[in-house]
Amino acid sequence: MAKPGATGLTRVIHATGYSMQGLGSAWRHEAAFRQELILIVLLTPLAFVVGHNLLQSLLLIALAWLVVIVEIINSAIEAVVDRIGHERHELSGRAKDLGSAAVFLTLALNGVVWCALAGRNLFGLW
């Protein structure tokens, strides 16, 4: 059974407002989110230097944004776990560690792709 509430354009407007609240919350409460957004601002122009064509540049930019997306999901997991309680529990720790691992793997993927394209396009490697 569907949850009652707004439909159509009204639902989209409400959903957009909730998303903006989430972004504002991430900016206010998550230092990693702020750092990663600053990194995107710095890396976006560099993506057009490192990328050999538009597709490569867009890949680099998309991967940078993927880090922020995964960071927001990780922050949501941490908020829910902390809401449940601050006492140590194996499953709570596992949930937080898994979220952190997702961010780490996304950062590692970024590093590999950025280094590979920089190596090939700027330094003529492989």
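Some ground rules come before the tour. Residues are numbered from 1 along each chain as its sequence is written, and side-chain values use heavy atoms, with hydrogens and water left out. Since this is a predicted model, local features need pLDDT of at least 70 and side-chain atom pairs count only at pLDDT 80 or more, while totals for chains, interfaces and linings use all residues.

Let's start with the salt bridges. Side chains of opposite charge can pair when their charged atoms come close. Here a salt bridge is a side-chain nitrogen of Lys or Arg within 4 Å of a carboxyl oxygen of Asp or Glu.

One joins aspartate 82 to lysine 96, with the closest N and O atoms 2.6 Å apart. This pair links distant parts of the chain, as aspartate 82 sits in helix H3 and lysine 96 in helix H4, 14 residues apart. (Helices are DSSP runs of H or I with at least four residues, numbered from the N terminus.) Aspartate 82 has 29% relative accessibility, so it counts as partly exposed. For that label, buried means under 20% relative accessible area, exposed means over 50%, and partly exposed is in between, using a 1.4 Å probe and protein chains only.

Another salt bridge pairs arginine 94 with glutamate 90, at 2.8 Å from N to O. These two are separated by about one helical turn because they are four residues apart in helix H4.

Is glutamate 36 buried or exposed? Glutamate 36 is buried yet has no salt bridge, and the nearest side chain of opposite charge, arginine 34, is 11 Å away. (Lys and Arg count as positive, Asp and Glu as negative; His and the chain ends are not counted.)

Tryptophan 126 lies in the segment after helix H4 (90-121). Its phi is near 30°, a positive value in a residue other than glycine. With 69% relative accessibility, tryptophan 126 counts as exposed.

Last stop, the largest pocket. Its lining includes Gly22, His29 and Asp82. Which helix gives the most to this lining? That is H3, with six residues. By class, the lining has four nonpolar, four polar and three charged residues. (Nonpolar covers Ala, Val, Leu, Ile, Met, Phe, Trp, Tyr, Cys and Pro; charged covers Asp, Glu, Lys and Arg; the others, Gly among them, are polar.) A pocket is an open set of points on a 1 Å grid over the protein atoms alone, where a 1.4 Å probe fits, with protein on both sides within 12 Å along at least five of seven lines; lining residues have an atom within 4 Å of a point.
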